[in-house]
Amino acid sequence: MHNDNQHQASNSWDTPPINWTTTGFFIITNLAVLTIVPWYGLNHGYSAAAWIMAALFWAMNGVGITAGYHRLWSHRTYKAHKALRWLLLIIGSMALQNSVLIWASRHRYHHRHTDDNERDPYSAKRGVWFSHMGWMVRDWPSSELDFSNIKDLLDDPMLQWQHRHYWKIVWATNLGLPLLAGIVFGDILGMLLLAGLARLVLNHHTTFFINSLAHFVGKQPYSDATTARDSTLMASITWGEGYHNFHHSFQNDYRNGVRWWHIDVGKWFINVCSWLGLAYDLKRVPSFKIRRAQLQMLFKKAEASIETSPLAQRWREHLEAEYEAFSNTVRDWQQLQRQRMNAAGHQLRDRFADSVLHTRLQELEYALRQQRKRLHLLLQETAIQQRASLG
Ligand SMILES: [Zn+2]
Ligand SMILES: [Zn+2]
């Protein structure tokens, strides 16, 4: 006798079987961290060395994933000296999140098909749990490996080596390093539990937050085309990756927190490496483009807010005039950029003309900054009027 379900045409919404290797691993490690780790701490206590090594390994894994797996290999936002690439490869492997090839391929699909439930491996549209860990506990078709989007990485001998010897590196770093530290500091079990196990699980969740919470918590200052959000709180526990709305808007930029005061450990690490000569060709999106995106979002918000304003007509005229000024500024900027590109192509560059162009570009950027302030004021005033009309 056949079950009726077996005769149904298969579609992508069929629930695939559970991947017991991954699921079992997650259950055991997470349960152990919730039970054995605190039990041992209460009964035996952890040495200061175990705490320090756990924090150090946690930071190393975070940087390996953020500055290595993510910004160097998946997005190629900068170039790195061979010594730095080796370091990032090893400390990234220790985070136990698969080889760079697998990680980068899935991540590029995440960017290309963000929120597409069929093609984004960790689509946030399928909920917080799915984007956090649910996508790994079953063999979903959206996670099927297809390396056609990482042709630029496949030939890299270093990445091939890591892919081949992945599990040896994982064991050596996850068991070997804490064991070594335990022998050196005389606290083997404490070190294995805290710097080995608890550190690994903590790093897993803080990385997984970028796929889950960074698509649910925070604001959308640059674009509402995807669910990705910016949040300082999220950034402070994800080594800077919580400025996820910026990242999904400008994935080729080596920064995620674009302002100097943004908490972005990944960016700071790359900056320090660049001062040391270990990182170079750092890619930055022109600040004019960033401001343009912010203004586009502000116009959207302003339009929505005047809809319900009692003085809608007056505000609309005001807003239309602002939008026209904005479009003119953007057009002028694009024209000047083209002129600059053409000039750069000529061998005899006119330095005077070049500096005139540069000044004009800066003026245009200033115009956008001023306009942003005006739009903020406009939003505030419409809000005050709304409150007054309601009261
Ligand atoms: Zn990314
Ligand atoms: Zn994302």
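**Figure 1. R76, in the loop between helix 3 and strand 1 (79-80).** This is a predicted model, where local features need pLDDT of at least 70, side-chain atom pairs count only at pLDDT 80 or more, and totals for chains, interfaces and linings use all residues. Residues are numbered from 1 along each chain as its sequence is written, with chains lettered from A and ligands numbered from 1 in the order in which they are written. Helices (H or I, at least four residues) and strands (E, at least two) are DSSP runs, numbered from the N terminus. R76 isn't a glycine, yet it has a positive phi of about 50°. For background, most residues other than glycine have a negative phi. R76 has 16 other C-beta atoms within 10 Å, so it is partly exposed. The cut-offs: a residue is buried if 20 or more other C-beta atoms lie within 10 Å of its own, exposed if 12 or fewer, and partly exposed in between, with C-beta atoms placed from the backbone.

**Figure 2. D281 and K283, in the loop between strand 2 (279-280) and helix 14.** D281 is another residue other than glycine with a positive phi, here near 55°. K283 has 15 C-beta neighbours inside 10 Å, so K283 is partly exposed. Setting aside neighbours within four places in sequence, K283 is in contact with T77, Y78, N252, D253 and Y254 (contact here is C-beta atoms, placed from the backbone, within 7 Å). K283 and K79 sit 204 residues apart along the chain, but their C-alpha atoms are separated by 9.3 Å.

**Figure 3. Helix 3 against helix 4.** Their axes come within 7 Å and cross at roughly 120°. Each axis is a line fitted to C-alpha atoms, for helices over the stretch in contact, and angles run from 0 to 180 degrees between N-to-C directions. Helix 3 and helix 4 are therefore oblique to each other; angles under 35 degrees count as roughly parallel, over 145 as roughly antiparallel, 65 to 115 as roughly perpendicular and the rest as oblique. Helix 3 passes helix 4 in a left-handed crossing, a label used if the near helix is turned anticlockwise from the far one by less than a right angle (right-handed if clockwise). On the helix 3 side you'll find M60, N61, V63, G64, I65, A67, G68, Y69 and L72, which meet L88, L89, I91 and G92 of helix 4. Sorted by class, this contact has nine nonpolar, four polar and no charged residues. The classes go like this: Ala, Val, Leu, Ile, Met, Phe, Trp, Tyr, Cys and Pro are nonpolar, Asp, Glu, Lys and Arg are charged, and the others, Gly among them, are polar.

**Figure 4. The largest nonpolar core, with A104 and A195.** A nonpolar core is a set of buried Ala, Val, Leu, Ile, Met, Phe, Trp, Tyr and Cys residues joined through C-beta atoms within 7 Å. This one holds 42 residues, and A104 and A195 touch the most other members. Helix 3 (48-74), helix 4 (82-93), helix 5 (100-112), helix 10 (188-211) and helix 13 (265-275) each supply at least two of its residues. Helix 3 gives the largest share, 11 residues. Beyond neighbours within four places in sequence, A104 is in contact with Y69, W73, S74, I150 and L153.

**Figure 5. Helix 14 (residues 287-307) alongside helix 16 (residues 351-390).** Here the axes come within 10 Å and cross at roughly 20°, so helix 14 and helix 16 are roughly parallel to each other. Helix 14 passes helix 16 in a left-handed crossing. Residues of helix 14 in the contact include F288, L295, L298 and I306, and those of helix 16 include L364, L368, L375 and L379. By class, the residues of this contact divide into 11 nonpolar, five polar and six charged.

**Figure 6. N30 in helix 1 (residues 20-34), plus helix 2 (residues 36-43).** N30 has 15 C-beta neighbours inside 10 Å and so counts as partly exposed. N30 and L200 are 170 residues apart in sequence and 9.8 Å apart in space, C-alpha to C-alpha. Helix 2 lies largely in the open, because the number buried among its eight residues is zero. Just after helix 2, G45 takes a positive phi of about 80°.

Terms used:
Two residues are in contact if their C-beta atoms, placed from the backbone, lie within 7 Å.
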